[in-house]
Amino acid sequence: MRNPLAPTVFLLRNTSKTLPLIGVIVLAVMLIGGIVAIMDSIPLSIRTTYGYSKAYLGVSPRGNMAMTPILRHIVKTESPVPLGRVMTCRVSDCEVKSIVGPWRFAVIGLSQDDMSYYLDRLGGCTITGRLPLPGKAEALLSEPVARNLGKKLGDVFLGPTDSNNYSPNEVRVVGIAHMKPWVALAPIEYLEKYHFPPIDLLIVTAKDIRQQDKLDHWAYERLGGEMARTYTYFRLEIETADMFKILYTILNVVIALLVVVITLMMAMLMNIYQSQRLQEFGLLQALGYARKRLMRRVLSETALVVAGGWILGVVSAFLLMTVVKVLLMDPRAFMLDPFDRQAYLYSVPVPIAIFLAATWTIALRFRRFDPVGVVERRLV
Amino acid sequence: MIEVRNASLVYDDHGRQVFACHDLTLELKDGEFLGILGPSGSGKSSLLYLMCGLKTPTSGEVAYRGRTLSSMSEDERAELRLRQFGFVFQYPYLLGYLSALENVLVGTPTNGEAKKSGISSPWTNGWATEPAARELLTGLGLGDKLHRMPFELSGGEKQRVCIARALLGGREVVFADEPTANLDHVNGVAVVETLVANRGSGSLVMVTHDPTMLEKADRVVTISDGRLAASL
């Protein structure tokens, strides 16, 4: 036979008391996990949407279009790492959707040979359709971009009637690259002819992709400032982190307030439930259960409720986020990570705070507890 | 076995001192059935709480087998109550979420606890004293109600479960505080007879205001206004 005073016995046989407590914790963890995961999805979207910059360094001259050959020369002669390729490109832009509204996204104009290299550099892919032909009003989109914009082969990607995705001619999708990075490519000749600004930019790759970051840092120091503007992944990371610093500070305050509210509510609920058990505690203490032993038992019950609630909350939050991702986010290629550890870590203070509050409440209750008052029915 | 020496228990009632027990001296012997008789508010229950260590005397002392209870820590006194003393209270307190059998087993050591504290345990399957608890409840006429929950038992049946809880494990002393107060006379007599018949070699201290319940007592002391009025 099971120990009648085992914590699980009370919890399992008093589900009308146990389940509401667990339910509140589950909802709290889901709420916090959900808020943080949605918040995290914004920088995650930035890193994913513009993640192509991990594979190369972008350089554009400042002020003087004639600087491009000089920049090319500097890169080629002074690069601290062996270079893979230095490509000339033109850039236009289009609009992609995000959960916080439209974002501008680069349409990169490359020669056909450079397009193949570029796609290989980003990890390689299979293509449904084909690469855009030189000089033609054609585009290749990677699968996430096509999904985000709802485009398929033959659809107009840029056009004269779309002010947000403008081109004087209808630029149609002729290829979809099956790869994770977000990419939109068009023939360099077409962008040179029809799009502003008429500036040649450079795309520079390190021969060994593991040295790309070193090249990026060097270029930022050597070429940045008056001479050129550099586009690097490490700057994207820094700027994203800066951008969200204040937002995360606000998030921390909101979550701290949530934890306080939930903890107070739970402490009140637990206090009510403990009050309903005065007779039990009095009887057991009169029979010979020392306060410490009773405290240990009640705290074990509390720990089980709190830990169980948190685990269930994390599982529920994970399931909820997976459903949201599959039904709402994936069809639009929006980012949401159900495995976002930070989202679950943010919910850890909930069980800890509740357990501490419960311990305090229980300790207070037991400190002045007189079992004789209970068995004589003065306290119940 | 238990000696009460010049023990007083004083309550503070809004600045006024109230003597629940006043300079009481008595001794409980091994195997003795001691009755404590007195009207309501006379201090008889307070004496019982002093004897079992639930209350500490304001002055004087209470000793169990030569060792004063006040020299013991709270944990030691609790352990003494848990292992050596049994209790039957006026109200048949049972834990509502445990069956009759489980309620009887509350307070007895598990096999693990028995092993850890060196308590001899003749049983080895599940709870150390489970077979004895079944036997005891069956002997008290509750053999078919072992797994009934408290709300399914009558007042008399509940009190019998409480008696089984107090007797299980061969306690040295059973303290009964007005165990018949909420029962009719027939059930009350039956409860006392059950206690007397099943206490084995242990002592029994019973507090009551009804002298007819103490006919089988070896000795009866009468308490009035917190003082020992007579010993018969």
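This is a walk through a predicted model with a chain A and a chain B, starting with overall form and ending at their contact. Residues are numbered from 1 along each chain as its sequence is written, while chains are lettered from A and ligands numbered from 1 in the order in which they are written. Because the model is predicted, local features need pLDDT of at least 70 and side-chain atom pairs count only at pLDDT 80 or more, whereas totals for chains, interfaces and linings use all residues.

Let's begin with chain A. There are 13 helices and ten strands in chain A; here helices (H or I, at least four residues) and strands (E, at least two) are DSSP runs, numbered from the N terminus. The C-alpha atoms of chain A fill a box of roughly 95 × 45 × 35 Å along the principal axes. Of the 380 residues in chain A, 37% are buried. A residue is buried if 20 or more other C-beta atoms lie within 10 Å of its own, exposed if 12 or fewer, and partly exposed in between, with C-beta atoms placed from the backbone.

Next come the domains of chain A, whose bounds are from an automatic or database domain assignment. Domain 1 of chain A takes in 7-47 + 241-375, and domain 2 of chain A covers 54-239. Their C-alpha centres lie 48 Å apart. Nine residues from domain 1 of chain A and ten residues from domain 2 of chain A take part in the contact, where two residues are in contact if their C-beta atoms, placed from the backbone, lie within 7 Å. On the domain 1 side, helix 2 (15-49) and helix 8 (233-275) of chain A each supply at least two residues.

A:D370 sits in the loop between helix 12 (349-367) and helix 13 (371-375) of chain A. It has 15 C-beta neighbours inside 10 Å, so A:D370 counts as partly exposed. From the C-alpha atom of A:D370 to that of A:R85, 285 residues apart along the chain, the separation is 83 Å.

Now turn to chain B. Chain B has an open sheet of four strands in the order 2-1-4-5, with antiparallel pairing; two strands pair if DSSP finds at least two bridges between them. Its edge strands are strand 2 (16-28) and strand 5 (67-68) of chain B, each pairing on one side only. Strand 1 (residues 2-13) and strand 2 of chain B are joined by nine bridges, and B:V4 has B:L26 in strand 2 as its bridge partner.

Helix 5 (residues 130-139) of chain B has B:E130, B:A132, B:A133, B:L136 and B:L137 buried. Those residues lie on the same side of helix 5 of chain B because they cover an arc of only 155 degrees around the axis, the arc being that of the directions from the helix axis to the C-beta atoms. Their cover includes helix 3 (100-105) and helix 6 (155-167) of chain B.

Finally, the chains meet through 24 residues from chain B and 21 residues from chain A. Helix 2 (74-84) and helix 3 of chain B each supply at least two residues of the chain B side, and helix 2 of chain B gives the most, with six residues.
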